[in-house]
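Keep the structure open while reading.

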Amino acid sequence: MTSELDIFVGNTTLIDEDVYRLWLDGYSVSDAVALRVRSGILEQTGATAAVLQSDTMDHYRTFHMLERLLHAPPKLLHQLIFQIPPSRQALLIERYYDFDEAFVREVLGKKLSKGTKKDLDDISTKTGITLKSCRRQFDNFKRVFKVVEEMRGSLVDNIQQHFLLSDRLARDYAAIVFFANNRFETGKKKLQYLSFGDFAFCAELMIQNWTLGAVGEAPTDPDSQMDDMDMDLDKEFLQDLKELKVLVADKDLLDLHKSLVCTALRGKLGVFSEMEANFKNLSRGLVNVAAKLTHNKDVRDLFVDLVEKFVEPCRSDHWPLNDVRLFLNQYSASVHSLDGFRHQALWDRYMGTLRGCLLRLYHD
């Protein structure tokens with residue numbers, strides 16, 4: 001008696017998304033098996049514990065072999081060893097470069113160096129993220145930074161081109177790279193209420209408006225040709241911001257500015273009396289932040305200064321967010337009616353970005 005058996009042979013590499021997640025999260029094979037057992041997979045599939053152990057180990061071996069290709073994603077697309085459909089390749093890359101909000105908040109703005117890497121043990125303990133996952137995420141940040149730090153052109157486009165990330169994730173990495181390059185302080189206690197999304201929003205505004213790439217200018221100094229146009233703040237712009245000091249140094253201009261804002265907002269703000277009484281202090285705070293951005297330390301402390309000089313005073317007077325929005329819009333626009341002021345374009349470039357950042361930083 002003869003029996004017939006149909007056999008199908010394929011060489012497509014199988015990717016179990018759940019096991020991949022466990023591997024990315026830094027779990028050992030034994031821990032991953034225990035978590036899979038707890039999920040009820042043995043009952044769902046009828047598999048034995050030995051088969052589950054073997055399956056998990058097989059996936060982990062595959063992921064370890066793929067990892068070197070994931071360090072340079074275009075290589076994953078062009079290699080012939082692993083037959084992986086394009087949609088699965090995209091998933092592998094996206095999830096490998098994804099990161100935990102709790103982790104990125106701990107390292108945002110810090111130098112991506114060995115010194116910071118030594119702190120990963122403490123970050124792991126604080127966040128509950130495995131040390132292995134912390135190292136993967138840190139190494140990804142550092143790898144992307146190293147690849148794009150000397151490239152000209154759009155930071156987001158360069159990241160997408162070399163790491164094949166989605167637009168959302170590429171924008172997040174652009175913010176991480178921008179903050180690491182300019183070393184913005186984000187770890188102070190008074191900034192802990194801010195999320196990575198808040199800082200990323202501000203980073204995108206600054207990249208669009210305060211860098212050399214924002215105005216499409218190439219550096220005129222031959223020694224500056226390697227400066228990245230999206231990563232470095234426009235030093236000439238920062239120097240020019242000192243010109244804005246006239247808005248608070250000239251008493252007549254300051255009084256006129258206050259009068260214009262108060263006239264426009266009378267009857268429209270619930271905190272009008274508080275705004276009128278505190279106008280000069282708020283204006284001095286916003287203008288002085290601009291005037292100090294010629295110094296690296298003051299650039300690093302930008303968010304600390306914005307919270308101290310504007311967010312905290314308004315919050316202590318219980319300004320609703322909508323009143324903050326109305327004030328900032330009128331405060332910015334009224335400068336155009338000051339006949340003695342000659343730096344309108346500079347003011348718009350500064351306040352356009354600052355207004356957006358302040359509204360994002362203000363949580364009423």
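## How the helices are compared

Each axis is a line fitted to C-alpha atoms, for helices over the stretch in contact, and angles run from 0 to 180 degrees between N-to-C directions. The model is predicted.

## Domains

The domain assignment of the protein chain lists domain 1 (17-84), domain 2 (101-210) and domain 3 (235-361). The centres of domain 2 and domain 3, taken over C-alpha atoms, are 29 Å apart. Domain 2 puts 19 residues into the contact, and domain 3 puts in 21 residues.

## H12 against H13

Helix H13 covers residues 196-209. H12 and H13 pack at about 80°, and their axes are 9 Å apart. Angles from 65 to 115 degrees count as roughly perpendicular. H12 is therefore roughly perpendicular to H13.

From H12, the contact takes Arg171, Asp172, Ala174, Ala175, Ile176, Phe178 and Phe179. H13 answers with Phe196, Phe199, Ala200, Ala203, Glu204, Met206 and Ile207. By class, these residues are 11 nonpolar, no polar and three charged.

## H13 against H22

H13 also packs with H22, at an angle of about 175° and with the axes 9 Å apart. Angles over 145 degrees count as roughly antiparallel. That makes H13 roughly antiparallel to H22.

Which residues meet here, in H13 and in H22? H13 brings Gly197, Asp198, Phe201, Cys202, Leu205, Met206 and Asn209. H22 brings Arg349, Thr353, Gly356, Cys357, Arg360 and Leu361. The contact of H13 with H22 has six nonpolar, four polar and three charged residues. Met206 of H13 is listed in the contact with H12 and in the contact with H22.

## H21 against H22

Helix H21 spans residues 321-334, and helix H22 spans residues 344-361. They pack at about 180°, with axes 10 Å apart. H21 and H22 are therefore roughly antiparallel to each other.

On the H21 side are Leu321, Val324, Arg325, Leu328, Asn329, Tyr331 and Ser332. On the H22 side are Trp347, Met351, Arg355, Leu358 and Leu359. The contact of H21 with H22 divides into eight nonpolar, two polar and two charged residues.

## The largest pocket

How much space lies in the largest pocket? About 290 Å³. It is lined by 13 residues. Closest to its centre are Asn182, Lys235, Leu238, Asn296 and Val299. Helix H12 (167-182), helix H15 (235-240) and helix H19 (296-300) each give two or more residues to the lining.

The lining divides into four nonpolar, five polar and four charged residues. Where does the pocket lie relative to domain 2 and domain 3? Both domain 2 (101-210) and domain 3 (235-361) give residues to the lining, so the largest pocket lies between them.

Definitions and conventions. Residues are numbered from 1 along each chain as its sequence is written. This is a predicted model: local features need pLDDT of at least 70, side-chain atom pairs count only at pLDDT 80 or more; totals for chains, interfaces and linings use all residues. Side-chain values use heavy atoms; hydrogens and water are left out. Helices (H or I, at least four residues) and strands (E, at least two) are DSSP runs, numbered from the N terminus. Angles under 35 degrees count as roughly parallel, over 145 as roughly antiparallel, 65 to 115 as roughly perpendicular and the rest as oblique. Contact means heavy atoms within 4.5 Å. Ala, Val, Leu, Ile, Met, Phe, Trp, Tyr, Cys and Pro count as nonpolar, Asp, Glu, Lys and Arg as charged, and the others, Gly among them, as polar. On a 1 Å grid over the protein atoms alone, a cavity is a set of points where a 1.4 Å probe fits but cannot get out, and a pocket is an open set with protein on both sides within 12 Å along at least five of seven lines; lining residues have an atom within 4 Å of a point. Grid points are joined across faces, edges and corners, and a volume is the space filled by probe spheres set on the points. Domain bounds come from an automatic or database domain assignment.
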